[in-house]
Amino acid sequence: MKLHPMIAALRKHKAGVVLIALQIALTLAIVCNAIFIIGQRIDRVNRPTGLDEGNLFLATQQWVGAPSADTPDGVARLDAMLKEDLAALRNLPGVASVAPINSVPLLNSSWNGSVSTKPDRKFSDKGDNVRTTYYFSDENVLPVLGLRLVAGRNFTAADVQHQGFRDNPPRPIVILTKDLADKLYPKGDAVGKAVYIDGSGSPSTIIGVVARLQVPGSGTWTNNFAWNSTLVPTRLNANFSRYAVRTKPGQLDAVMRTVAPTLYKVNPLRVLDDDSVKSFGDIRAKAYRADVGMAILMGVICLVLLSVTAAGIVGLTSFWVGQRHRQIGVRRALGARKVDILHYFQLENLLIAGSGALIGIGMAVGLNLALMRYYEMDRLPVLYTLIGVIAVLVLGQCAVFVPARRASNVPPVTATRAV
Amino acid sequence: MFAYYLDLALRSLKRSPGLTALMVLAIGFGVAASMTSWSVFRAVSGDPIPWKSAQLFVPQIDNWGPNGRSADGDPPNAMDYTDATALMRDHRARLQSAMYQISPSVVPAEASKHPINVSGHAVFGEFFPMLDVPFLYGSGWSASDDANRAQVVVISSKLNEKLFGGTNSVGKSVNIERADYRVVGVLDNWNPQPRFYDVVNSGGFDSGTEDVFLPFQTAIQANIPNDGNTNCNAVPKEPGFAGLQHSECVWIAFMAELDDAAAVTTYRDYLQGYAREQQQAGRFAWAPNNRLRSLPEWLDNQHVVPSDTKVSLLVALGLLLVCLVNTIGLLLAKFLRRSSEIGVRRALGAPRSAIYAQFLTEAGIVGVAGGVLGLLLTCAGVASVGWVMPKDIASLARLDVSLLLLTLLVAVVATMLAGLYPTYRASRVQPAWQLKSN
């Protein structure tokens, strides 16, 4: 089929052609960027935390009128209270293991700092420092969170210290995530080596490396250190405490219900509310709620956009078919087969949609640049543009099929009828 | 004549119900998507204290130096204890308050009830008049209460309801962290969004309420720890809460009321002088690098409006644009299909303006129908933003008369605009040509 007569015919409908092409271009520009946003959010939400997330929950509580964590005596009393809670939780039926911990991944409550392979670094010496988050827990942290040790050993009960919340004692040993260990010691021989925490002059020996452990912050500000975690074998003593609890399989809900009564029995002078006992599933859902919502919103908008554009193509092509009734009859009378007519309209649509898509690629890139400039977006990969182009071309073909088939059904006898 | 055009338009629309439905649906969805995202955007970008926001200022002092600055050279977005108390002591603004976020426990009087956790701020007495905080009973506390570290508290109406059954509780005592505080004031409903006085810690929007306000120095003395962010450029040299107060760690928010341009200039000079003094005293090894932003500038600087909200609005407006282009195309097809009818009308003496009136009426009807559908979809959209937006933000989106009117207006005006070009083309139809070809 020759393109020349087709283009000549299209010139008779300049406005309609331009409008369809423009609509396809705009659709492409928006759909590409929307799908890119969806893809990014899905990637974020699917990031593994490194935890075994089933059968895990977190209990947070605050003591009322607790002793001050700023005095040695107060710290000792707080630690005794913490140990009482731990013992009570450990003895609950259905509990596999319990660990005190300052935070868990995705909780958005974190203690961040930086570690270095050299002593006495200032925070401002950016080159030597690697950003990290600290998890303060005890020897049970690996089994409770379900972390996988890839080198070295776990903490033992004898390694575990305790300290007031705002104190800064030396920390003789730590376990790092593999990501962090590799950044500090790229040869992969971190175990047994020293790191210096927050510009400290005293070394902390790396005794083990875990495969993966995400930081508590789920916002974009943590993107450049999302896997840099440091585990410190220390119980933090403050007026509040958190307990990570792993239950036996299938007993999560039952155990979670018994936590508040159990802790109140140990000591009624404390605050436990609806938010205090949360399964890890809930913590994850809360952290990614905005991302999931944005993905759904973009998905809905894409769907509406594609439907509107498809409907527009159907409408305008139907109009053209109606207008060219007689010409189609003439072509049929002159020997064109039904399939020739069908192909004519399909090819015509491909031509319009193709030129629209070309303009659309430019608009998509432009929109992406604007979003990058103002709203912290990443660069749109070529793949998404290609997916978008294919999507609008396929959409065009699907939309044009019904009116094109109607055109192909115009009987040749139409040519002989006077209008 | 209008009634006649209305009748013509309705007949024409009825003749091609599919095409009409398409246009109405496109307009309805486009308008509803835009209006729903607009309702969210409007809610989060609103001025929380419009009558006064231009007089409220947030100072920033560069106590970290060049290495602690953000990429665009800004000093830390909070203050350390030294600077915050120095600014309070110097008292150069008409009203000002340093503040920090607290989350103490409150023990109800009845022994059978469990203690509860409340959030709030430790502030200075000027906080209340500065922010025009409404009181149900009583008032804030005095400067001498601040100086004497009085055991007083201002509570929210919600906490008053919970502890005192909503009666006037001024003079009664509340047990906070096992110490007694005398209630001096009960707030009326006050929960500004964004929580502008401490956006660094509230992140802007917070669906919870602030239930207690304690005098700053009283809270410090009672060792009520800060519950908000603490950022340090070095590990504090001394341990404990006292160590934090002696460190360069930043954890305190600050707000000052400056009533006119002269006051702003004077305060700016004062901050400059203060930083220079610190430099001369050897505490800062760098030239002064302060900031003094008005509240709207500060909210913008801290990106209080989430970028997701802006992107959603942008994409929804894009959708509306596509829907309009779509409507232009469909109206064009619809109008030109009736070229012969136009030809007859023109030949019988109808001027171009009559053709304009007829076809714009038709476009207007499509717009009204699309607007009504858009209204229904906007209602559904606003009701369901909770599914896709964070709770703190979604709960702010409201359906009100102005939003509904705007929806209808946007639908009608946009469709009429979309109808302009097709109508122009219709008015250009050559009567002679049309009559001949028939």
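How many helices and strands are there in chain A? Chain A has 10 helices and 13 strands, where helices (H or I, at least four residues) and strands (E, at least two) are DSSP runs, numbered from the N terminus. This is a predicted model, in which local features need pLDDT of at least 70 and side-chain atom pairs count only at pLDDT 80 or more, while totals for chains, interfaces and linings use all residues. Residues are numbered from 1 along each chain as its sequence is written, and chains are lettered from A and ligands numbered from 1 in the order in which they are written.

**View 1. Chain A as a whole.** The radius of gyration of chain A is 32 Å, well over the 22 Å that the globule rule gives for 419 residues, so chain A is more spread out than a compact globule. The radius of gyration is taken over C-alpha atoms, and the globule rule is 2.2 Å times the number of residues to the power 0.38. Along the principal axes, the C-alpha atoms of chain A fill a box of roughly 105 × 50 × 35 Å. Chain A is divided into domain 1 (4-45 + 290-416) and domain 2 (65-268); such bounds come from an automatic or database domain assignment. The centres of these two domains of chain A, taken over C-alpha atoms, are separated by 55 Å.

View 2. Chain B contains 17 helices and 12 strands. Its radius of gyration is 31 Å, well over the 22 Å from the globule rule for 438 residues, so chain B is also more spread out than a compact globule. The C-alpha trace of chain B spans about 100 × 60 × 35 Å along its principal axes. The domain assignment of chain B gives domain 1 (2-46 + 306-437) and domain 2 (53-301), and their C-alpha centres lie 50 Å apart. In chain B, 6 residues of domain 1 are in contact with 4 residues of domain 2; two residues are in contact if their C-beta atoms, placed from the backbone, lie within 7 Å. Helix H15 (residues 391-394) of chain B gives the largest share of the domain 1 side, 3 residues. By class, that side has 3 nonpolar, 1 polar and 2 charged residues. Ala, Val, Leu, Ile, Met, Phe, Trp, Tyr, Cys and Pro count as nonpolar, Asp, Glu, Lys and Arg as charged, and the others, Gly among them, as polar.

**View 3. The contact between chains A and B.** The contact takes 50 residues from chain B and 50 residues from chain A. On the side of chain B, the elements that give two or more residues include helix H2 (17-45), helix H12 (307-337) and helix H14 (352-388) of chain B. H12(B) provides the largest share of this side, 20 residues. The side of chain B that touches chain A has 30 nonpolar, 14 polar and 6 charged residues.

**View 4. H7(A) beside H12(B).** The axes of helix H7 (residues 280-323) of chain A and H12(B) come within 10 Å and cross at roughly 10°. Axes are lines fitted to C-alpha atoms, for helices over the stretch in contact, and angles run from 0 to 180 degrees between N-to-C directions. H7(A) and H12(B) are therefore roughly parallel to each other; angles under 35 degrees count as roughly parallel, over 145 as roughly antiparallel, 65 to 115 as roughly perpendicular and the rest as oblique. Their contact has 17 nonpolar, 7 polar and 2 charged residues.

**View 5. H2(A) across H10(A).** Helix H2 (residues 14-45) of chain A packs against helix H10 (residues 382-408) of chain A at an angle of about 135°, with the axes 9 Å apart. That makes H2(A) oblique to H10(A). The crossing of H2(A) and H10(A) is right-handed; a crossing is left-handed if the near helix is turned anticlockwise from the far one by less than a right angle, and right-handed if clockwise. Among the residues in this contact are Ile24(A), Leu28(A) and Phe36(A) of H2(A), and Tyr384(A), Gly388(A) and Val392(A) of H10(A). The contact of H2(A) with H10(A) has 11 nonpolar, 4 polar and no charged residues.

**View 6. H14(B) against H16(B).** The axes of H14(B) and helix H16 (residues 401-427) of chain B come within 7 Å and cross at roughly 150°. H14(B) and H16(B) are therefore roughly antiparallel to each other. Their crossing is right-handed.

**View 7. Two backbone details.** The peptide bond from Gln193(B) to Pro194(B) is cis, with omega near -5°. Pro194(B) lies in the loop between strand E9 (179-187) and helix H7 (199-202) of chain B. Asn55(A), although not a glycine, has a positive phi of about 55°.
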